[in-house]
Amino acid sequence: MINRITDCAIITTDAVGSIISWNSYAQTLYGYEQSEIIGKSIATLYTPEAIKEDEPAANLQLALLNTNRNNEELRVKKDGSTFNADINCTAIFNREHELVAYTEISQDIKKIETAGKQPAPKTTAKKPPYPFIAGDMHFKKLIENSYEGVTLLDKNFNVIYRSLSAERINGWNTIDRIKTTLDGVIYPDDKEQVRKILHDVLINPGQPMACTFRSKHRKGHFIWLECVFTNFLNDPDINAIVCNFRDITEKKRADEVLEQTIKELFDYKYALDNSAIVAITDQKGIINHVNNNFCKISKYSREELIGQDHRIINSSYHDKAFIHNLWATIAGGKIWKGELKNKAKDGGFYWVDTTIVPFLNGKGKPYQYIAIRSDITERKLNEEKIIENASFIKTVTDNVPALITYWTEDLRCLFANKPGLKWFDKQLHEIQGIAKRELLGEDEYMLHEGHIKNVLNGEAQSFERSFYNSEGKSIYNHTHYLPDMENGKVKGFYSLIYDISEIKLAEQEINRKTEQIENILESIGDAFFAVDKSWVITYWNNMAEKYMGKTRDEVLNKNIWEIYPDAVNSPAYAKYQEAFETNKTVHFELYSIYLRNWSDISVYPTGNGLSVYIRDINERKKAELVAARSQEEKNTILESIDDAFFAVDKNWMVTYWNKTAETALGKTKEEMINNYLWGVFSDSIDSLSYKKYHEAIETNQAVHFEDYYAPLIKWYDVSAYPTGNGLSVYFKDITERKLADIQLKELNLHLQKQAKELAISNAELEQFAYVASHDLQEPLRMVTGFLSQIEKKYGQVIDDKGKQYIHFAVDGAKRMRQIILDLLEFSRVGREEGGLEEVDLNKVVNGILALYRRQIEEQNAKITSDDLPVLQTLRVPVRQVFQNLISNGLKYQKHGVSPLINISCEEIKGYWRFSVKDNGIGIEAEYFDKIFIIFQRLHNKDEYSGTGMGLAVTKKIIENLGGSIWVKSEEGKGSTFYFTILKH
């Protein structure tokens, strides 16, 4: 559409002044093709002098401040020539009042003047396509700020103009809307209706056509629009189809709710008339409506009741005080609920559970009452029978050590014994008829509700829990709910509550002692397990898991001989049987082929099973086996163990060499047996092994060491035991572990070197940041000072625009200085002077509140805090975290709302987790990560001060303390910042 305009250049830039749209006349006026100019700054069209004075940015700033700016300016064409231009620049905002673009309309003033002086041509001049849009600015503003949206369509219903109010209604900007057809935004079910209307519009020029349909919003959802289309295609001043529309979504929703409400009211009335006894009286009690149920129970016809005083059904059962309270309640405009005994036409009596609701006039006075009743005659007769027997029951139950009450099927108490009355602090007349929910209180009732439903279904209930009364006193109780049945129907239930607090305390003490025993059993070095008389495993400690190779989950509550079937009829099996049969302790040593280990086993009968302790004696048995020199045992044991083993006599002659030794040292038995050890391993003389073996024989003490054997490039873990006539040696190949240790040490040294270099680098960077910040602040102070002097000295000759430029420059310098200081503070995070100390966070918070006392009082803020812990940490960084978050809670507030800030803490595994909650402006979810990045601000600096560094510094501090920080928020409903700090 803008390309049809041939008398003015229309240029659109983004929010920072880069050109994004350029009409054909702009190309004619300035000489640039679209491909040459799109993406360049609007400053391209300014003179060098204007650019030097920063006029392009200043002009955009003025347009932003005033929404619109109109001025005569000198502009530059592509060929370098200049011309005087009439410039009109408008700032464009989205629905959230955020700046999105600028539109600049420019004309060559000389051509305008020349056109004004020339005589009118003979032929009629062609008018702009839509002169009323660009001609009258007042009319344009009226359209753009209208409650309704305005759209101009061509004969094919393509968009040629949309008002800003149209964008506010459905979210579509003009560019995106032009890309979308009208058919593409209409709800599928409404398309046929709209097509018919548009057909009628085309064939009926000048006649408004209205329709209501659903249209797609820019965000994807549909809204209801009420549109009026008028065909002005034949009007030369308009030449378009004008569509006026407004959003009626809320009205449609309200209509739907109203329709649904009316339907529900009819449904409620039908249900009420069929389920309840209903009567309506005027304010004096004269009956003017009764339903069929009322006539049925009272035995009166509708004709006999209408116009009569309500006392026609009065039974005289209730005293005057009761009746006075009823009338005083409803006459005061309040609802009355209770039970009434009424008299029927035949003289009989009936009971009704009654609710009387007053209808109030504009002055708050009742003009009629509606009474809704339900027949409870049968229940009341049953209650009267029960109450007749209550005296006998109470006498019996008063001396029972339990709280006993009886409840009807509608959960009203008929009696309570003496302990029950004492617990609830009630007299008998106070507790009779009281509702269970009222007596227990809402919280306590909810804990009983499931059991109540079950007992009313005929299922007896039994449960244990803590029970609280209204004074906060508690007992641990065992409760029984017993249904009272009659002809297969539950008519009520008994509640028996036994105080088992002492029993529970005893159980807790037993559990505590059991826990202590378990702690001992888990901490001992012996494997321990227990079985019952059926050989079912009842306990299995952590050493048993390691020693026996089975986890608790694999063995608990299972038969031990099913888990170890190969052990049945073994020597150990016989020993366990012996302990059972003799009821005496059995002690024995056993080599387990399954475990490949020697064990010292003690079996203790416990009355209900066996307790078994198993101790690893493999090392001791090795020495004993060497001393025994039993060839059979050597073949059985020494050949089966995982360690390499050899033995020498006092002359260093090899007497034994097992298979593992063959593998580990690469020498066969034939090469070693009866040969001189140091003759075979002559290269090891004066090695560590040589010295340690001699030391063991000389001191008669076992030695344990690690040695490297160069010929095989291997490390060994060696244990040598003197045997009286020589030496027994056990060793393992630990080459892989040693190589890993060596690599780990090398890695640690490398990391230490890197850490040292990093520390030096950080120190240099910090020094650089300090020097840079100092050097950068100096010219800023000079700029600020000289600008202030210029304003002071030449204030009489500087116009308002100049003063405004000075203000902009001074304000920018001040903000630059604050950014530099914040950057310096950010660079210092992580380098803390001083060590860890005990920090009482309650004192830290109180100190911060004292610092902000004046601001808190001015904003009428309320800041609360839980009891916070004492941490072993760095005082200054932790204080800065709390100060930043409290300061943000005070700063980012809606106008006129008093800040509410709460600080809380909870202990989790390995950390303290803190939260700082406020009722401020809130944050959209898409910005949760962005706010912790330096210089990331979500608001204009004129709305909320700051540089966007506070949360970035806070995040860096928390991460240096080993924790993390995150936020939960909803725009307009406040924010909660969570962060964690390591306990140690």
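Predicted model: local features only at pLDDT ≥ 70, side-chain atom pairs only at ≥ 80, totals over all residues.
Visitor: Is Cys227 buried or exposed, and what about Cys295, buried or exposed?

Guide: A residue counts as buried when its relative accessible area is under 20%. Cys227 has a relative accessible area of 2% and is therefore buried, and Cys295, at 13% relative accessibility, counts as buried too.

Visitor: How should I read the order of the strands in the open sheet?

Guide: The order lists the strands as they stand side by side, and here 5 strands form an open sheet in the order 2-1-5-4-3, with antiparallel pairing. Strand 2 (19–22) and strand 3 (68–76) stand at the edges, where each has a single partner strand, so one side of each is left without a neighbour in the sheet. On average, neighbouring strands of this sheet are turned by 25° against each other, with direction ignored.

Visitor: How many bridges join strand 3 to strand 4, and which residue of strand 4 stands opposite Arg69?

Guide: Strand 3 and strand 4 (residues 82–93) run antiparallel and are joined by 9 bridges. Within strand 4, the residue that stands opposite Arg69 is Cys89.

Visitor: Which strands pair with strand 10?

Guide: Strand 6 (residues 149–153) is joined to strand 10 (residues 240–247) by 5 bridges, and the two run antiparallel; here Leu152 has Val242 of strand 10 as its bridge partner. Strand 9 (residues 222–232) also pairs with strand 10 in the antiparallel sense, over 8 bridges, and the bridge partner of Asn231 in strand 10 is Ile241.

Visitor: At what angle do the axes of helix 35 and helix 37 cross?

Guide: The axes of helix 35 (residues 841–851) and helix 37 (residues 875–891) come within 10 Å and cross at roughly 50°, which makes helix 35 oblique to helix 37. The crossing of helix 35 past helix 37 is right-handed. On the side of helix 35 the contact is made by Leu841, Val844, Val845, Gly847, Ile848 and Leu851, and on the side of helix 37 by Arg875, Val878, Arg879, Phe882, Gln883 and Ile886.

Visitor: What is the phi of Trp652, and what is the phi of Asp686?

Guide: Trp652 has a phi near 65°, a positive value in a residue other than glycine, and Asp686, although it is not a glycine, has a positive phi of about 75°. Trp652 is found in the loop between strand 26 (644–649) and strand 27 (654–657), whereas Asp686 has its place in the loop between helix 31 (677–680) and helix 32 (688–699). With a relative accessible area of 9%, Trp652 is buried, while Asp686, at 58% relative accessibility, counts as exposed.

Visitor: Where does Thr980 lie, and which residues is Thr980 in contact with, leaving aside its neighbours within four places in sequence?

Guide: Thr980 has its place in strand 37 (residues 975–982), and with a relative accessible area of 6% Thr980 is buried. Leaving aside neighbours within four places in sequence, Thr980 is in contact with Ile908, Tyr911, Trp912, Arg913, Ile958, Gly963, Ser964 and Trp966.

How values were computed. Residues numbered from 1 in each chain as written. Heavy atoms only, no water. Buried < 20%, exposed > 50% of the residue type's maximum accessible area, 1.4 Å probe, protein only. Pairing = 2+ DSSP bridges. Helix = DSSP H or I, 4+ residues; strand = E, 2+ residues; numbered from the N terminus. Axes fitted to C-alpha atoms, helices over the stretch in contact; angles between N-to-C directions. Parallel < 35°, antiparallel > 145°, perpendicular 65-115°, else oblique. Left-handed = near helix turned anticlockwise from the far one by under 90°. Contact = heavy atoms within 4.5 Å.
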